[in-house]
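Colleague: Please take a close look at one part of this model for me. Pick a helix and follow it through its surroundings.

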Amino acid sequence: MENNISEDRNAIVPMRFIYRSAEWYERVYPQAAQWAEDCFQLVHRFAKRRPRSVLDIGCGTGLALARFANPDVELCGIDALPVMVEAARQRNPEATIGLEDMRDLHLGRRFDAVTMLGGVFSHAKTHEDVRKTMQVLVDHTHSGSVLVIEGVNPCALLSGASGGRNWSIDVEADGISYRGDAEISTDLPNSLFHLQRTWWMGDEVIEVEKSDHRFMLPLEIKAHLDHHGFSLIGFADNGELRPSHMSGARAWSVAIRNAE
């Protein structure tokens, strides 16, 4: 597996160990296929008409774009990591996929649906990052567009309901067993959580990766969406938006762009 890890933690997405290759990423996160399916169902559930165009921000290996594949649907995706862009292009040869920063995206057009899965939105770490990213969502949606955001559930994170079982990873590749032990800490004044994951191959430490992520509770997400012309339809810890105690590891937000 290729390892093109960068130490630039100021980048929108640090080139961490989990992004060493597309194949590795999908082994680490097999649940990404279910995220893509849940996203597809949510978009079609809340869209007023069948979407004819979809933009996936932080498209990763292109699983969500592939789920929307249809000759009548225009597919666009962006990612900040070259390895992900190449994988997404191979999986979706008919889609337009570019190497872009979500904070500074100017495609010059609007989409019926915009999706952000796998904790992409949490990479907007500062207030300015959030402002820029929200403006990108405004610039690329129209009245009635569906917005789906999925990532770590901050309610479970802050309440302690999301423990180490949701963060540590065991994965097999090339006949070798790897373990990624995770440590989580929070920076409450800056609404950040810090993730440090130590990767083991047997008894040997082979990598220590660190990353910072922004967390937002439901009312804060709603406030940002309201301010930028979206209506929050639902916030839940499951891809079906079922009512719950918000103790699950992941959170889903679905919003509709208001009339201009």
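Modeller: A nonpolar core here is a set of buried Ala, Val, Leu, Ile, Met, Phe, Trp, Tyr and Cys residues joined through side-chain atoms within 4.5 Å. Keep that in mind, and note that the model is predicted.

I pick helix 2, residues 32-46. Start with its length. The helix has 15 residues, and at 1.5 Å a residue it should span 21 Å. Its end C-alpha atoms are 21 Å apart, so the span agrees with that expectation.

Next, the buried face. The buried residues of helix 2 are A32, W35, A36, D38, C39, F40, L42 and V43.

Now the core. The largest nonpolar core has 45 residues. Helix 2 gives the most to this core, with seven residues. Other elements that each supply at least two include helix 1 (22-28), strand 6 (169-173) and strand 11. Within the core, W24, V148, W199 and W252 touch the most other members. In soluble globular proteins, nonpolar side chains tend to be buried together. Another core lies apart from the largest one. This other core has 28 residues, with C76, L147, L225 and M246 among them.

What does the helix lie on? Helix 2 lies across strand 4, strand 5, strand 10 and strand 11. Against strand 11, helix 2 runs at about 30°.

Seven strands form it, in the order 3-2-1-4-5-11-10, with mixed pairing. Strand 3 (96-99) and strand 10 (230-236) are the edges, each pairing on one side only. From one strand to the next, the twist averages 15°.

Strand 2 (residues 74-79) runs parallel to strand 3, and four bridges join the two.

Is R257 buried or exposed? Its relative accessible area is 8%, under the 20% cut-off, so R257 counts as buried. Leaving aside neighbours within four places in sequence, R257 is in contact with R110, V138, T141, H142, S143, G144, S145, H228, G229 and F230.

How values were computed
Residues numbered from 1 in each chain as written. Predicted model: local features only at pLDDT ≥ 70, side-chain atom pairs only at ≥ 80, totals over all residues. Heavy atoms only, no water. Expected span 1.5 Å × (residues − 1). Buried < 20%, exposed > 50% of the residue type's maximum accessible area, 1.4 Å probe, protein only. Contact = heavy atoms within 4.5 Å. Pairing = 2+ DSSP bridges. Axes fitted to C-alpha atoms, helices over the stretch in contact; angles between N-to-C directions.
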